Amino acid sequence: MTEFVMPKLGADMNAGTLVCWRKQIGDAVKRGDIIAEVETEKGNIDVEVFAAGTIEKFLVAPGQKVPVGTVLALIHEEGKPEISSTSTEASYAAPSAIVAPPQPTAPRDARRIAPQHAAPRLAISPSARRLARELGVDPTTVEGTGHGGAISREDIERAATRGRTTLAKEAAQVTSPPVDRAARIRQTIAAAMSRSKRDIPHYYVSTTIDMQRSLAWLSEENARRPVADRILYGVLVLKAVALALRKVPELNATWEQGRVVLKPQIHVGVAIALREGGLVAPALHDTDQLALGELMKRLADLVNRTRAGSLRSSELSDPTITVTSLGEQGVESVYGVIYPPQVAMVGVGKIIERPWCVDGQVVPRPLVIVTLSADHRVSDGHRGGLFLSALDRLLQEPSEL
Amino acid sequence: MNRDDIRDTLLKVLGRIAPEADLTALKPDVNIREQLDVDSMDFLNFLIAVDKELKVDIPERDYGRLTTLDTCVEYLVDRMGRK
């Protein structure tokens with residue numbers, strides 16, 4: 001049996017309200033199917049399931065607000081042995097040991113209780129295990145900092161403190177008066193950005209990129225395409241960012257529990273302004289793998305769904321870096337605030353025709369200032385500079401993107 | 001299709017792109033993108049919808065002529081008349 005839990009859909013999400021189930025008990029589901037709609041500070045999100053099987057039981061009714069990590073439903077996986085009824089009876093206090101929450105970077109929830117069958121794999125001393133029991137901490141959710149990743153008493157104490165803080169925050173959230181979507185998004189941004197500026201030592205680098213080749217290539221390309229298939233220049237930048245990240249992979253990462261976790265896949269988050277104010281930065285999955293035409297289609301779909309309030313849970317939880325572009329608002333350069341737990345953000349300004357020296361001659365060229373804000377705990381300006389250089393080179397060969 | 005029909009179609013399309021906007025207050029001689037806070041994705045959606053509704057494919061080189069409601073109507077009258 002697999003547990004489907006309330007996912008963490010942003011760095012500061014502590015709880016969500018189940019709006020409705022999109023499936024019935026007995027329905028077969030596969031990985032990526034939308035199983036529920038959840039209301040969060042960012043609006044209503046379609047939540048995907050990360051297991052295949054048959055829905056066995058719903059544990060939470062529509063309208064209920066529950067903390068992140070709460071088991072919402074049980075899914076019977078084909079070919080997997082049943083776990084004991086006492087474990088399933090644990091209902092939503094039980095852990096999600098089989099299904100990881102969609103946000104692998106989520107701070108672990110200290111209130112989950114460890115199942116017996118998960119315990120033997122843990123590297124933990126008997127005294128730390130005892131302490132975990134006393135403090136109600138699930139050791140399977142604790143990151144060990146001891147020798148070989150072993151969990152120490154200090155690790156358990158830290159986890160217990162974090163759990164109490166989370167509970168206090170949730171209690172505050174539950175008792176706060178209801179507010180509209182724009183105000184809730186503002187609160188979410190406030191929390192994430194405050195955390196970012198408090199915890200992340202940002203450094204900033206920038207470069208000016210000559211966009212003439214990219215724009216000329218795009219103009220020719222778009223002349224061949226019907227209007228519905230035309231590509232925006234921002235798509236070239238997104239693809240180039242994704243490819244440049246392959247050369248400087250430490251920028252495609254998250255900072256979790258005191259250390260960097262490199263991400264094998266590149267999911268570029270795109271900052272999208274909402275008409276009612278605020279912004280959301282959902283992921284374009286596998287940005288580096290997609291051809292420009294396909295990337296454009298995905299971006300258009302993502303923008304439309306973001307503004308219509310119908311995002312998928314993985315789109316909110318998966319970005320491995322974010323790109324923000326304010327060129328259309330006339331901004332020449334933007335130095336973004338990193339969205340935790342990500343470790344970098346790319347800012348794109350307005351393309352402006354300016355004098356530029358080419359082969360000793362001053363000529364007018366469409367120039368754009370691209371910036372990188374990055375976490376100094378994870379990378380240095382030297383690597384940040386290499387990333388921007390790679391980005392520049394890629395944009396000089398648009399047909400290769 | 002006359003000018004008024006084209007204008008009505010454009011307003012209908014803009015209403016879908018900027019649902020919160022009061023289109024009765026849209027100034028016909030002022031930049032649409034600025035008045036409605038329309039970005040390049042919205043603008044592309046506008047062109048796709050115009051293509052669908054009026055069967056007019058607008059090449060990228062002509063985007064510069066589509067700034068205000070008035071210039072859009074003029075452009076489309078001209079382009080549809082040539083078909």
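Student: Which residues of H1(B) meet residues of H3(B) in this predicted model?

Tutor: From H1(B) come B:Ile6, B:Thr9, B:Val13, B:Leu14, B:Arg16 and B:Ile17. They meet B:Asp42, B:Asn45, B:Phe46, B:Ala49, B:Val50, B:Glu53 and B:Leu54 in H3(B). Sorted by class, this contact has eight nonpolar, two polar and three charged residues.

Student: What makes B:Thr24 buried or exposed?

Tutor: B:Thr24 has 6 other C-beta atoms within 10 Å. A residue counts as exposed if that number is 12 or fewer, so B:Thr24 is exposed. Its place is in the loop between H1 and helix H2 (32-36) of chain B. B:Thr24 is twelve residues from B:Lys12 in sequence, and their C-alpha atoms are 11 Å apart in space.

Student: How many residues does each chain give to the contact between chain B and chain A?

Tutor: Chain B gives twelve residues and chain A gives twelve residues. On the side of chain B that touches chain A, six are nonpolar, one is polar and five are charged.

Student: What is chain A built from, in helices and strands?

Tutor: Chain A has nine helices and 20 strands. Of its 401 residues, 42% count as buried. Among its contacts between residues at least 6 apart in sequence, 66% join residues at least 24 apart.

Student: What makes S7 and S16 edge strands in the sheet of chain A?

Tutor: The open sheet is formed by five strands in the order S7-S2-S4-S5-S16 of chain A, with mixed pairing. Strand S7 (65-67) and strand S16 (311-312) each pair on one side only, and they are the edge strands.

Student: How do you know that strand S2 of chain A and S7(A) pair?

Tutor: Pairing requires at least two bridges. Strand S2 (residues 15-21) of chain A and S7(A) are joined over three bridges, in the antiparallel sense. A:Ala15 stands opposite A:Pro67 in S7(A).

Notes:
Residues numbered from 1 in each chain as written. Chains lettered and ligands numbered in written order. Predicted model: local features only at pLDDT ≥ 70, side-chain atom pairs only at ≥ 80, totals over all residues. Contact = placed C-beta atoms within 7 Å. Helix = DSSP H or I, 4+ residues; strand = E, 2+ residues; numbered from the N terminus. Nonpolar A, V, L, I, M, F, W, Y, C, P; charged D, E, K, R; others polar. Buried ≥ 20, exposed ≤ 12 C-beta atoms within 10 Å, placed from the backbone.
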